[in-house]
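Please examine the sequence and the model shown here before reading on. The paragraphs that follow proceed from one chain to the pair.

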Protein chains: 2
Amino acid sequence: MNNNSEKLLGEWLQKVEQQLDLLLPADGTPPYPLHAAMRYSLFPGGKRIRPLFCLAACHAAGGSSDSALTAAAAVELLHSYTLVHDDLPCMDDDTTRRGKPTVHVQFGEAIAVLTGDALLTMAFEVASASPVNAAKIVTALARAGGSKGVIAGQVMDISAERPDEKTICAIHQHKTADLIAAAVETGALAADAAPDRQQALVRYGNATGLAFQIIDDLLDSDETAAAHKELSCLQVWSTEEARTHAAKYTAEAIHALAAFPPAKTAPLIHLAQSALNRTT
Amino acid sequence: MNNNSEKLLGEWLQKVEQQLDLLLPADGTPPYPLHAAMRYSLFPGGKRIRPLFCLAACHAAGGSSDSALTAAAAVELLHSYTLVHDDLPCMDDDTTRRGKPTVHVQFGEAIAVLTGDALLTMAFEVASASPVNAAKIVTALARAGGSKGVIAGQVMDISAERPDEKTICAIHQHKTADLIAAAVETGALAADAAPDRQQALVRYGNATGLAFQIIDDLLDSDETAAAHKELSCLQVWSTEEARTHAAKYTAEAIHALAAFPPAKTAPLIHLAQSALNRTT
């Protein structure tokens with residue numbers, strides 16, 4: 001089962017890469033250098049976990065992963081915009097990401113703002129072309145990405161001076177779990193899943209998203225001994241407490257899938273376990 | 001007829017204000033101060049011409065203006081985001097707009113970036129809730145606002161050093177006409193207009209948008225004798241040439257409405273003529 005999930009996820013990853021490559025205008029097309037900067041921020045990508053959550057949720061709900069490809073690409077475009085804007089000098093002021101200069105370092109600040117704007121706008125153009133439930137997919141994505149979702153998380157993040165446990169959990173919820181839950185929700189919508197199935201999948205996505213962010217914080221703290229300005233749950237939890245919380249969320253996530261056919265949920269379970277046990 | 005158009009447009013303006021007020025979360029709701037900044041950028045508004053174009057187009061196509069209210073609000077939200085981001089220090093670096101400090105002056109640069117992001121995201125959330133043709137309305141809005149539309153115009157604007165006539169016309173097209181054409185298109189979609197009707201309305205919107213921007217340039221040059229860093233068609237045209245172009249576009253716009261019942265197009269014609277003859 002696990003080998004089969006890995007094989008499926010590998011195929012889906014390839015499809016996501018192809019889809020994104022197909023959607024993005026070529027580097028040299030006007031207005032220069034906007035499209036080059038959009039591609040620079042998207043390729044080479046990270047693990048593309050949000051699109052994979054979307055496709056695996058569609059699969060779990062009995063849909064064909066192809067029908068969720070546009071939704072999956074839209075989620076990655078939206079995620080990519082958040083990285084470009086979060087890196088800006090007026091935000092986290094990061095100069096490198098995934099081993100290369102950030103967009104504003106490479107292309108200047110104005111182009112970085114516009115690149116984020118263009119990726120965000122393209123996310124909705126792509127989502128609106130979904131073959132099934134297009135308008136609902138746009139709604140789910142916009143709600144998760146909006147002023148009460150991802151953006152709320154970023155506002156809290158930049159204004160939190162001495163965050164307590166509650167604030168850190170709220171930031172994790174909005175900055176990470178809201179979008180992963182939406183990735184799963186759009187996959188369920190692409191499969192036209194019944195409302196109770198959708199809700200179960202969203203519970204899975206939300207819990208996995210919380211676990212994912214806790215592990216991110218743990219990996220960040222291993223990575224470097226330098227003083228980290230970034231907000232982390234390790235400011236309020238010990239390493240062991242953090243691992244316990246992440247394991248609890250992962251168990252919750254897998255439990256939320258109980259009513260689905262096991263053969264169909266194998267990729268989702270694999271993703272949740274990989275998110276928990278990863279070392280990078 | 002003209003009086004009736006003015007009355008209708010006045011009623012629609014009120015509905016647009018109500019709709020925007022209804023959609024925007026209250027000032028004091030978390031995450032602070034994001035929602036306050038979103039309201040600050042939207043209220044008090046300008047003339048709300050883009051929503052009025054949308055409602056008048058829906059009316060011309062035989063629809064009820066109510067069915068286009070969400071699309072109209074979405075267009076204004078998107079327009080408002082462009083103003084917030086264009087004003088940023090890394091872009092036009094403007095410190096006042098409509099007689100008050102710009103968003104980044106009032107709330108700081110990070111909140112201004114996030115306010116623009118949130119307005120843009122909300123535009124698509126609102127558009128996706130349109131009662132008729134929601135997905136198509138999202139597509140039209142995203143295409144007009146995207147990397148080959150409004151954002152292309154802004155990229156060209158910030159990179160144009162000694163713009164020629166062709167460049168200035170392309171910037172007018174993208175920064176202004178693309179969104180006004182989309183406002184009209186979303187109105188036509190809300191009325192579920194037949195494709196040839198939609199196309200005629202888009203031709204109207206595009207030509208009116210071009211005329212609107214030329215008049216803006218003329219009014220800006222009257223307004224202040226100070227050296228204007230802003231790009232203007234008066235860098236390549238005389239005042240008289242500019243007026244001739246604007247009048248030609250307005251005539252084209254009105255001509256595009258020839259196949260519609262005159263009683264229904266009166267508000268659109270009034271808007272086109274007002275855009276041409278306005279003094280503010």
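Which pattern does chain A follow when read along the sequence? Chain A follows the pattern α-α-α-α-β-β-α-α-α-α-α-α-α-α, with 12 helices and two strands. Here helices (H or I, at least four residues) and strands (E, at least two) are DSSP runs, numbered from the N terminus. The radius of gyration of chain A, taken over C-alpha atoms, is 18 Å, close to the 19 Å that the globule rule gives for 280 residues, so chain A is as compact as a globular protein of that length. That rule is 2.2 Å times the number of residues to the power 0.38. Along the principal axes, the C-alpha atoms of chain A fill a box of roughly 50 × 50 × 35 Å.

The model is predicted: local features need pLDDT of at least 70, side-chain atom pairs count only at pLDDT 80 or more, and totals for chains, interfaces and linings use all residues. Residues are numbered from 1 along each chain as its sequence is written, while chains are lettered from A and ligands numbered from 1 in the order in which they are written.

How are the two chains related?

The contact takes 38 residues from chain B and 38 residues from chain A; two residues are in contact if their C-beta atoms, placed from the backbone, lie within 7 Å. On the side of chain B that touches chain A, helix 6 of chain B supplies the largest share, 11 residues. By class, this side of chain B has 25 nonpolar, nine polar and four charged residues. Ala, Val, Leu, Ile, Met, Phe, Trp, Tyr, Cys and Pro count as nonpolar, Asp, Glu, Lys and Arg as charged, and the others, Gly among them, as polar.

One helix pair illustrates the contact. The axes of helix 7 (residues 134-145) of chain A and helix 6 (residues 109-127) of chain B come within 8 Å and cross at roughly 150 degrees. Such axes are lines fitted to C-alpha atoms, for helices over the stretch in contact, with angles running from 0 to 180 degrees between N-to-C directions. Helix 7 of chain A and helix 6 of chain B are therefore roughly antiparallel, a term for angles over 145 degrees. The contact involves V138(A), T139(A), A142(A), R143(A) and G145(A) of helix 7 of chain A, together with T121(B), F124(B) and E125(B) of helix 6 of chain B.

How values were computed:
Parallel < 35°, antiparallel > 145°, perpendicular 65-115°, else oblique.
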